[in-house]
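Have the sequence and the 3D view open side by side.

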Amino acid sequence: MAQMPTTLSTEVTPDSICEVLSPSTARHDRGIKFDHYARLGVGYYWIVDLARQRIETWANEGSGWVHGPCAENDETVFLP
């Protein structure tokens, strides 16, 4: 963004989104939001699952999400 928005909403699609799962939102984040973000053209989607100590990454290749690198526990991984 060239400058910070001055309203509560914006029509700019973000390059990436990072979701931190909670037991009450995990199904929604992996379902409805996952599909919605793909349709909007979000480039990358990271899912942080603290309970499983795991980070998943997904890249939007235009035709849908492609699973990318993951890290668990103390693993080091380079994420897009």
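This is a predicted model: local features need pLDDT of at least 70, side-chain atom pairs count only at pLDDT 80 or more; totals for chains, interfaces and linings use all residues.

## Ground rules

Buried here means under 20% relative accessible area, exposed means over 50%, and partly exposed is in between (1.4 Å probe, protein chains only).

Residues are numbered from 1 along each chain as its sequence is written, and side-chain values use heavy atoms, with hydrogens and water left out.

## The sheet

Helices (H or I, at least four residues) and strands (E, at least two) are DSSP runs, numbered from the N terminus; two strands pair if DSSP finds at least two bridges between them. On those terms, there is an open sheet of 4 strands with mixed pairing, in the order β1-β2-β3-β4. β1 (16-20) and β4 (65-72) are the edge strands, each with a single partner, so one side of each has no neighbour in the sheet.

β1 and β2 (residues 44-49) run parallel and are joined by 5 bridges. Along that pairing, cysteine 18 sits opposite tryptophan 46 of β2.

## Valine 48

Valine 48 belongs to β2 and is buried, at 15% relative accessibility. Counting contact as heavy atoms within 4.5 Å, and skipping residues up to four places away in sequence, valine 48 touches Cys18, Glu19, Val20, Leu21, Arg54 and Ile55.

## Salt bridges

A salt bridge puts a side-chain nitrogen of Lys or Arg within 4 Å of a carboxyl oxygen of Asp or Glu. The whole structure has 5 of them. One links lysine 33 and glutamate 19 (3.4 Å, N to O). Lysine 33 is in helix α2 (residues 32-40) and glutamate 19 in β1, so this pair ties together parts 14 residues apart in sequence. Lysine 33 is partly exposed, at 24%.

Which side chains does arginine 54 meet in salt bridges? One is glutamate 56, at 3.7 Å (N to O), and another is glutamate 72, at 2.4 Å. Arginine 54 lies in β3 and glutamate 72 in β4, so the latter pair ties together parts 18 residues apart in sequence. Shared partners join Arg30, Arg54, Glu56 and Glu72 into one network. Arginine 54 is buried, at 18%, and so is glutamate 56, at 6%, whereas glutamate 72 is partly exposed, at 32%.
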